[in-house]
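Colleague: Please take a close look with me at the part where one chain touches its partner. I would like one connected account that starts with the wider setting.

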Amino acid sequence: MNKKTPYILIMPIVLLGVLFIYGVINGIVQSFGYIPAFNLRDFTLDYYIEVIKSPAFLDSLKVTLHISLISSILAAVLGTILTAALVYTGHAEGKVLKVIKLAILIPHTIVALFSISILSQNGLLARLFYKIGLINVQSDFPLFLYTKNNLGIILGYLWKEVPFVAYFSLSLMSSINKTLGEAAENLGASRLKSFFHITLPLSMPAIGKAFLIILTFSFGAYDLPFLLGATVPKALPVQAHVEYIHPDLRHRPYAMAMNGLILLITWTMAGIYYLLSSRNRIKGDKHEGY
Amino acid sequence: MKDISSNKPLKIFIYISLFVILAPMVIITLWAFTNQWPWPNLLPTNYSLRGIKEIFAPYGKVFPILISSITLSLTVALLSAIIAIMTARAIVFYDFSGKELLDFISMAPNLVPSTVFAMGIHVVLIRMSLANTPLGVIIVHLIYTLPYTINIMRNLTESIGVDMEHQAYVLGASPWKSFLYVSFPLLLPGIIASITMAYILSFSQYFVTLLIGGGKVMTFSMIMVPFIAKGDRTLGSAYALVFVLSTLLVFAIINTLLKKFQKREEKSNWN
């Protein structure tokens, strides 16, 4: 086949890739205060320093990390249990899986609506509590939405991400269990032992990758915190957008500096993940050597 | 299977998960057909078609927006699948300079939150006069679906390999024909998966469409979200129901069309 063929095949992805990189770099350049269109021409770190020093930013950062860490860790644990449950009860395909896929298909905006109709003080859970006598008036029901604890957002993410983790790691865990896990059981290991010593460790690459995906996604996501978050402090992406659409265009570099920090933290998370996973792989290789 | 009894907690966990996934959808469906559902009733007191009627009322523009929104997302999905097939073939079958870089770039959008990218590219698109246009929105949606579709097509392309297609080529079929008649039918499951994946990612987008489309490019998410933001449960739920049902309908149509195509191919191959 022709020598030119690969270059023709990659033309569209190269064009889009260049546009993508250009967009990211353009945002970063703006974060250093260089926006000729708004008559800002000084290349400076001042915007970053000012953003980092402001208490409002630190509150936003805390809230965003709180939401994404708690929801992602819980989702990874519950998702792994769900994967194991599907594998060990023989539901790795079929109707149950269709329902799980349905949750992946529902957008976060609709998940926000779920949260509102179930978790608000007028929601179904509050009504249920009232009926069984746990609360006497609507306002006795704890606040889940538009409040600093962000429980409505965290539960919303869990609803989407537990099925995602299960769907993402199902095929790997299922195939490992079928081959190595059942072999261990046949050789006399108890089911629990074969799960914790063989199936789970070998499934970790998929579970870890799913965890990284949901962690970085929820850290940079807009929809749920925009719809269900407190007015103060706002999640970082929401706060960045507020600065971005500020009528005073000189606020633009602040928005971009926040975006730069979101990027930096996202990449740090990914970097830590790759360090940990490659170190584990080297350890695993050594074990195989013995 | 030994000690079946030990499966019981796992089964209960699955049942709880299924209940938690399905219950909100049932509640939304009830709300969509509800007129009054006052505190502290556990079920609506009054059912009505108000929400659904309001969506499809002739004076509203919801139905045309739904259709144009589906068209936009289908365009994104088809382009994404085609580009993914091309990129996957280049990476799997060929050696060329810059291959590792391309490999990295095709996955990079996963490492940059779409909010960050959208704000960065916005000015660029304004300069190219692509902001506030459907084309601009399609391009940005496309960039965010490609890591997923390329991943799907790459794995499949790797597992199918190039040998059979090559045989057809050696036996005298043109390169295009040998791709269309040999590899394409084998790639169909991946193509269906890519199209559905890219469609749902595009159809769900809210922030990116809001920023790049500037309120000029209206998608279904754009008209649904204000009702959710206001907490209007009847209309919000009616919109959500239409969102989910229209998506399932589009998926069903894609599935039947491509499966039919596959059957026709098989027949013509056998004759």
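**Where the chains touch**

Modeller: Of the 290 residues in chain A, 45% are buried (20 or more other C-beta atoms within 10 Å of a residue's own; 12 or fewer is exposed, in between partly exposed; C-beta atoms are placed from the backbone). Please keep in mind that this is a predicted model, in which local features need pLDDT of at least 70 and side-chain atom pairs pLDDT 80 or more, while totals for chains, interfaces and linings use all residues. Residues are numbered from 1 along each chain as its sequence is written, with chains lettered from A and ligands numbered from 1 in the order in which they are written.

Let us stay with chain A for a moment. Chain A has 12 helices and zero strands (DSSP runs numbered from the N terminus: H or I of at least four residues for helices, E of at least two for strands). Among the contacts in chain A with a separation of 6 or more, 72% join residues 24 or more positions apart (C-beta atoms within 7 Å).

Now to the part you asked about. Chain B brings 63 residues to the contact, and chain A brings 66 residues. On the side of chain B that touches chain A, several helices supply at least two residues each, including helix 3 (62-93), helix 5 (114-127), helix 8 (175-204) and helix 11 (233-270). Helix 1 of chain B gives the largest share of that side, 12 residues. By class, that side of chain B holds 46 nonpolar, 13 polar and four charged residues (Asp, Glu, Lys and Arg are charged; Ala, Val, Leu, Ile, Met, Phe, Trp, Tyr, Cys and Pro nonpolar; the others, Gly among them, polar).

Helix 1 returns when you look inside chain B. An automatic or database assignment divides chain B into domain 1 (1-48) and domain 2 (52-270). The centres of these two domains of chain B, taken over C-alpha atoms, are 32 Å apart. Five residues of domain 1 and seven residues of domain 2 take part in the contact within chain B. On the domain 1 side, helix 1 of chain B supplies the largest share, four residues. That side of domain 1 has three nonpolar and two polar residues, with no charged residues. To sum up, helix 1 of chain B gives the largest share of the side that touches chain A, as well as of the side of domain 1 that touches domain 2.

Terms used: Contact = placed C-beta atoms within 7 Å.
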